[in-house]
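Take a look at the chain below. This report walks through it, part by part.

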Amino acid sequence: MSVKDRDPLTGHQTTGHEWNGITELNTRVPRVVWFFILVTHLWALAVWVLLPAWPLVTTSTRRADSTTVGVPHDGSSSLIVRQSSRPLARS
């Protein structure tokens, strides 16, 4: 096993790599970086679960109570919105 050199300024071990006189220190990733990576992954998981729009084979998941069906073919810019997936009861 080879003895690794130490940086005289910081006292950290070096990896043995050197580029144009600059040696790479063998230091750990700071804990605050690991914390933010963990928070980012937990946030992404929560958004993925709470705001589902998962693709399926022929369609995607969506809310049945108020979904946008599409733009009418008559050229108007208003959207057609389906308010409920159940048909209206006649009185």
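## An exposed ring

Phenylalanine 36 is exposed, with a relative accessible area of 51%. Here, exposed means over 50% relative accessible area, buried means under 20%, and partly exposed lies in between (1.4 Å probe, protein chains only). Phenylalanine 36 sits in helix H1, which covers residues 31-50. Helices (H or I, at least four residues) and strands (E, at least two) are DSSP runs, numbered from the N terminus.

This is a predicted model, in which local features need pLDDT of at least 70, side-chain atom pairs count only at pLDDT 80 or more, and totals for chains, interfaces and linings use all residues. Residues are numbered from 1 along each chain as its sequence is written, and side-chain values use heavy atoms, with hydrogens and water left out.

## Rings and a nonpolar patch

How many aromatic pairs does a search of the whole structure find? It finds one. The pair is phenylalanine 35 with phenylalanine 36: the ring centres are 5.4 Å apart and the planes meet at 70°, so the pair is edge-to-face. Rings of Phe, Tyr and Trp (its six-membered ring) pair if their centres lie within 6.5 Å; planes under 30 degrees apart count as stacked, over 60 as edge-to-face and the rest as tilted. Phenylalanine 35 counts as partly exposed, at 47% relative accessibility.

Both phenylalanines belong to a nonpolar surface patch of about 730 Å². Patches are made of residues with over 30% relative accessible area and no salt bridge; like charges are joined within 9 Å, nonpolar side chains (Val, Leu, Ile, Met, Phe, Trp, Tyr) within 5 Å. Accessible areas come from the Shrake-Rupley method with a 1.4 Å probe, and for residues only the protein chains shown count as cover.

## The whole chain

Now step back. The chain has one helix and four strands. Along the sequence, they follow the pattern β-β-α-β-β.

The chain has 91 residues, and 4% of them count as buried. It exposes about 8,900 Å², with 62% of that supplied by carbon and sulfur atoms. Take the contacts between residues at least 6 apart in sequence: 0% of them join residues at least 24 apart. Contact means heavy atoms within 4.5 Å.

Threonine 14 lies in strand E1. Is threonine 14 buried or exposed? It is buried, with a relative accessible area of 7%. Leaving aside neighbours within four places in sequence, threonine 14 is in contact with Lys4, Asp5, Arg6, Asp7, Thr23, Glu24, Leu25 and Asn26.

Aspartate 7 is found in the segment before strand E1, which spans 14-19. Aspartate 7 is buried, yet it has no salt bridge. A salt bridge is a side-chain nitrogen of Lys or Arg within 4 Å of a carboxyl oxygen of Asp or Glu. The nearest side chain of opposite charge, arginine 6, is 9.4 Å away. For charge, Lys and Arg count as positive and Asp and Glu as negative; His and the chain ends are not counted. Beyond neighbours within four places in sequence, aspartate 7 is in contact with His12, Thr14 and Leu25.

## Before strand E1

Lysine 4 is also placed in the segment before E1. Lysine 4 is partly exposed, at 40% relative accessible area. Its contacts, leaving aside neighbours within four places in sequence, are with Gln13 and Thr14. Lysine 4 and glycine 16 are twelve residues apart in sequence, and their C-alpha atoms are 6.9 Å apart in space.

Glutamine 13 is found in the segment before E1 too. Its relative accessible area is 31%, so glutamine 13 is partly exposed. With neighbours within four places left aside, glutamine 13 is in contact with Lys4, Asp5, Arg6, Leu25 and Asn26. Glutamine 13 and asparagine 26 are 13 residues apart along the chain, with 5.5 Å between their C-alpha atoms.

## A loop residue

Where is asparagine 20? It is in the loop between E1 and strand E2 (22-25). Asparagine 20 has a positive phi of about 50°, although it is not a glycine. Asparagine 20 is exposed, with a relative accessible area of 84%.
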